[in-house]
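Hello,

Here is the structure I promised to pass on to you. Please have a look at it first, and then read my notes below.

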Amino acid sequence: MISPRLHSFLDERHAPYTTLPHDRTVTARQTANAAHVGNRSFAKTVMLKVDGKLAMLVMPAAYRVDLTRLSRALGGPEVELASEDEFKDVFADCELGAMPPFGNLYGVPVYVDARLAMDAGEIAFNAGSHTDVVQMPYAEFERLTQPELLYMAHVM
């Protein structure tokens with residue numbers, strides 16, 4: 001099921017998107033494979049704490065975050081991964097670990113790995129559950145979230 005908050009947001013803004021149901025998955029790579037979407041265009045959501053405040057990094061599933069490079073790209077703040085306990089209540093309408101990359105709907109700043117923007121004409125991402133993916137033009141995602149673009153990840 002798509003997150004009710006995300007569903008309303010996309011529909012109210014007449015955003016073009018497709019929902020891709022798939023078998024239950026847990027990791028971004030598994031989800032990309034199950035939804036038949038490439039690892040470079042599947043956007044995984046990584047929850048962080050930047051100087052102690054929650055933030056969301058959206059990046060291609062093919063990569064992993066480098067916290068040191070991310071800190072440098074942000075100008076030097078302390079950056080660490082957030083624990084599930086630190087963010088689970090923020091995304092109450094989503095399954096844990098399946099948050100859509102729309103932190104703006106939840107009061108969380110959104111950063112995007114610039115390679116996602118460069119590589120993807122379309123992106124796909126968890127829709128709030130471990131069984132549904134939303135696919136849409138990257139430009140539309142960027143228009144709706146207005147993220148800060150960063151370059152800091154490296155290949156796994």
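**What I found**

The protein has 6 helices and 10 strands. Please keep in mind that this is a predicted model.

Let me begin with the overall build. For 156 residues, a compact globule would have a radius of gyration near 15 Å, and the 14 Å found for this protein agrees with that. Along the principal axes, the C-alpha atoms fill a box of roughly 40 × 30 × 30 Å. Of the 156 residues, 52% are buried. If you take the contacts with a separation of 6 or more, 67% of them are between residues 24 or more positions apart.

Next, the aromatic rings. There are 7 aromatic pairs in the structure. In one of them, the ring centres of phenylalanine 9 and phenylalanine 102 are 5.9 Å apart with their planes at 65 degrees; planes over 60 degrees apart count as edge-to-face, so this pair is edge-to-face. Phenylalanine 9 belongs to helix α1 (residues 4-12), whereas phenylalanine 102 sits in the loop between α4 (84-87) and β6 (110-113), so the pair ties together parts that are 93 residues apart in sequence. Phenylalanine 9 and phenylalanine 102 are both buried.

Another pair is made by tyrosine 138 and phenylalanine 141, with ring centres 5.7 Å apart and planes at 55 degrees, so this one is tilted. These two residues are 3 residues apart in helix α6 (residues 138-145), which puts about one helical turn between tyrosine 138 and phenylalanine 141. Tyrosine 138 and phenylalanine 141 are buried as well. Ring pairs link Phe9, Phe102, Phe125, Tyr138 and Phe141 into a cluster.

Apart from neighbours within four places in sequence, proline 100 is in contact with Leu6, Thr45, Met56, Cys94, Tyr106, Phe125, Asn126 and Gly128. One of these, Phe125, is also a member of the ring cluster. Arginine 72 is 28 residues from proline 100 along the chain, and their C-alpha atoms are separated by 25 Å.

Asparagine 39 is found in the loop between α2 (28-34) and β2 (42-50). With 23% relative accessibility, asparagine 39 counts as partly exposed. Its C-alpha atom is separated by 6.3 Å from that of proline 60, 21 residues apart along the chain. Leaving aside neighbours within four places in sequence, the contacts of asparagine 39 are Arg29, Ala32, Pro60, Ala61 and Ala62.

Finally, a note on two histidines. Histidine 14, in the loop between α1 and β1 (18-21), has a phi near 50 degrees, a positive value in a residue other than glycine. At 72% relative accessibility, histidine 14 counts as exposed. Histidine 36 lies in the loop between α2 and β2, and its phi is near 60 degrees, again a positive value in a residue other than glycine. Histidine 36 counts as exposed, at 75% relative accessibility.

Best wishes

Note on methods. Residues numbered from 1 in each chain as written. Predicted model: local features only at pLDDT ≥ 70, side-chain atom pairs only at ≥ 80, totals over all residues. Heavy atoms only, no water. Helix = DSSP H or I, 4+ residues; strand = E, 2+ residues; numbered from the N terminus. Rg over C-alpha atoms; globule rule 2.2 N^0.38 Å. Buried < 20%, exposed > 50% of the residue type's maximum accessible area, 1.4 Å probe, protein only. Contact = heavy atoms within 4.5 Å. Phe/Tyr/Trp six-rings, centres within 6.5 Å; stacked < 30°, edge-to-face > 60°.
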